[in-house]
Amino acid sequence: MAQALARLLGVRQGVTAVIGSGGKTTLLHALAAELAPQGRVVLTTSTHIRPSTQFQTLLNPSEAALYAALAAGAPVCIGSPAKEGKLTCPQLSFSRLAELADFVLVEADGSRGLPLKAHLPHEPVIPPEARRTVCVVGASGLGRPIAQTVHRPEVFCAITGAKAADPAAPAPVALALEREALADIYYVNQCDLPGVLSAARELAAHLARPVVLGSLLGDVPEKAAKRD
């Protein structure tokens, strides 16, 4: 990638939560690989995540077992066994994980594979220890019908006043994100797809918080100038 994602997103030592839709797991793995040369990295979840196919996965390791695995220098994915082969929240607390590792990256949301999402009151599950919350937004959903591209479209419509058949245009998507106010910074993913970068830039223009426009499958095009 052209620029370091961790620096662009303001990821620092401690706990970082990743929420939203359209590339959370891919972003978590990219950050983990990027941060590994800088310190010990744990990848985990406060909701559900699939076991990593890229890094070692440990099921509810003891502190000693986790520390030994981290000493090898590669990121380690941990969690408790859950349904459908997924992992859920680990037994070790996030505060303790932050003592054992330099970087704790937490998938704190689910989106059923859709590029956009609105949240119920109990979502996302952001650990109180999180020093940074990054919200991923899938640019491929911009301009497509809300009913087809947004996870929890009824919530999205209640927040924005839009109808399910309306397109998920940049303005209402930004309105939903602003009214939810869940993140410190937004990562608008999939900007390498044909015709979406202009819509992504329009979305960024409507958001008050910092925005990074990029693609997890290619270079990061730009960071939109916003107040931090």
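Q: Which residue stands opposite Ile185 of E11 in this predicted model?
A: Val134 stands opposite Ile185.

Q: What makes strand E9 (residues 130-138) and E11 a pair?
A: Pairing needs at least two bridges. E9 and E11 are joined by five bridges, in the parallel sense, so they count as paired.

Q: How do you know that E11 pairs with strand E12 (residues 211-213)?
A: Three bridges join E11 to E12, and the cut-off is at least two, so this is a pair. The two strands run parallel. Within E12, Leu213 is the bridge partner of Val188.

Q: Why is strand E11 (residues 185-189) called largely enclosed?
A: Five of its five residues are buried, so the rest of the structure largely encloses the strand. Ile185, Tyr187 and Asn189 point one way, Tyr186 and Val188 the other way, and all are buried.

Q: What makes Cys191 buried?
A: Its relative accessible area is 5%, and buried means under 20%. Cys135 counts as buried, at 5% relative accessibility.

Q: Why are H6 and H7 called roughly perpendicular?
A: Helix H6 (residues 153-160) and helix H7 (residues 170-180) pack at about 85°. Angles of 65 to 115 degrees count as roughly perpendicular, and therefore H6 and H7 do. Phe156, Ile159 and Thr160 of H6 make the contact with residues of H7 including Pro172, Val173 and Leu175.

Conventions. Residues numbered from 1 in each chain as written. Predicted model: local features only at pLDDT ≥ 70, side-chain atom pairs only at ≥ 80, totals over all residues. Heavy atoms only, no water. Axes fitted to C-alpha atoms, helices over the stretch in contact; angles between N-to-C directions. Helix = DSSP H or I, 4+ residues; strand = E, 2+ residues; numbered from the N terminus. Parallel < 35°, antiparallel > 145°, perpendicular 65-115°, else oblique. Contact = heavy atoms within 4.5 Å. Buried < 20%, exposed > 50% of the residue type's maximum accessible area, 1.4 Å probe, protein only.
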